[in-house]
Amino acid sequence: MWIPWREAMERALYGPAGFYARGEPPSRHFRTSAHVSPRFGAAWLTLLREVDAALGRPPTLDLVDIGAGRGELLGQIVTAADAEPSLAARISAVGVEVTAPPAGLDSRIRWQPRLPPRISGLVIANEWLDNIPVDVAELTADGPRQMLVDPAVGTERVGPPLAGADLAWVRAYWPLRRCGDRAEIGRSRCQAWSGVIRSLHRGMALAVDYGHDRAHRPALGTLASYQHGRQVRVIPDGSRDLTAHVALDACADAGRRAGARATGLTTQRRALRAVGVTGRRPGLATAAADPLGYTRGLRTAAEEATLLDPASLGGFTWLAQTVEIGLPPSLAFAAPT
């Protein structure tokens, strides 16, 4: 059975027996920044605090995590906010996920399958866009063609000519120049992101993913699969994660068309440094005076260094877009000139 990649990915990830629909913890298969350290959640609290100030500290401050996994990141943020009771009492935390709420979820977090229709606050999309299914095109001697895949084994064959909105998106954002060049058609991700911006009444939405821009598209694409902590062959059979890097510049354009006022693009390394994540080791002088504190400091420094590593998690791209407010002070440096 030969079907388009987008259909195959949709079934494999979100169908009745799909990878995410089964409710298995994603941490068994791959690691996100939220799995590395609670310092990631503390960094988001800094941004939430800045959005809150820009909104005039409203009675209710929405905090929405799309693709919330098992609620790890939301849990980190609301826990970190406990140190600021006046802020914590106003946070309305929502996890958006296709699976049922996980056991042990913080009682302050609501869990639902769809994005709230009207949000005032901060929307997080941490490694969400890369799991939105995409079609794949390849340039052949007869022009760009859609690729079809056999979901059972992952083998491909050339399908029909690319046409319509998909062809227009490829020409605008991922030009194919040589026979064999491939594009992962991010139109579905642009639509998803514009939906986020339209749901944002006031505040900021921030997507974090491995990304690329028009000047640096990978010629052979980025489709990948992960299973039990390692990269495996790409087969859309529901047994493994399916992911592809995100054309975040295209998503930024879609967000602007949907009403975004300000846009910022930067790396996770630069963004986290801007909110105080340094990876700095504690001074040796503290080892004798406070050995336990020194040990904790070393652990925190190691975790932060992992979050900042430019060859790993620090290499993620952050796309921030706002509605009715400007970029928060910590991310003002990321605004395009």
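# A guided look at the model

Just after helix α3, G56 takes a positive phi of about 80°.

Visitor: Hello! What kind of model is this?
Guide: Welcome! Local features here are reported where pLDDT is at least 70. That is a confidence cut-off for a model that is predicted.

Visitor: How many residues does α3 have, and what distance does α3 reach from its first C-alpha to its last?
Guide: Helix α3 covers residues 39-54. At 1.5 Å a residue, 22 Å would be expected, and the model comes close to that. So the answer, by the expected span of a helix, is 16 residues and a reach of 23 Å.

Visitor: Which residues of α3 are buried?
Guide: Buried means under 20% relative accessible area. In α3 that applies to F40, G41, A43, W44, L45, T46, L47, L48, E50, V51 and D52.

Visitor: How many Å apart in space are F19 and P336?
Guide: Along the sequence, 317 residues separate F19 and P336. In space, from C-alpha to C-alpha, the distance is 37 Å.

Visitor: Which element gives the largest share of the lining of the largest pocket?
Guide: The largest pocket holds about 670 Å³ of space. Elements giving two or more residues to its lining are α1 (5-14), α2 (33-36), β2 (61-66), α4 (72-81) and α7 (187-199). The largest share is five residues, and they come from α7.

Visitor: Which residues lie nearest the centre of the largest pocket?
Guide: The lining of the largest pocket has 32 residues. By class, 17 are nonpolar, eight polar and seven charged. Nearest the centre lie I66, G67, V96, E97 and W128.

Visitor: In what order do the three strands of the open sheet lie?
Guide: Start from the edges, where β13 (230-232) and β14 (241-243) each pair on one side only. Neighbouring strands of this sheet are turned by 40° against each other on average, direction ignored. The pairing is antiparallel, and the order is β13-β12-β14.

Terms used:
Residues are numbered from 1 along each chain as its sequence is written. This is a predicted model: local features need pLDDT of at least 70, side-chain atom pairs count only at pLDDT 80 or more; totals for chains, interfaces and linings use all residues. Side-chain values use heavy atoms; hydrogens and water are left out. Two strands pair if DSSP finds at least two bridges between them. Helices (H or I, at least four residues) and strands (E, at least two) are DSSP runs, numbered from the N terminus. Axes are lines fitted to C-alpha atoms, for helices over the stretch in contact, and angles run from 0 to 180 degrees between N-to-C directions. Buried means under 20% relative accessible area, exposed over 50%, partly exposed in between (1.4 Å probe, protein chains only). On a 1 Å grid over the protein atoms alone, a cavity is a set of points where a 1.4 Å probe fits but cannot get out, and a pocket is an open set with protein on both sides within 12 Å along at least five of seven lines; lining residues have an atom within 4 Å of a point. Grid points are joined across faces, edges and corners, and a volume is the space filled by probe spheres set on the points. Ala, Val, Leu, Ile, Met, Phe, Trp, Tyr, Cys and Pro count as nonpolar, Asp, Glu, Lys and Arg as charged, and the others, Gly among them, as polar.
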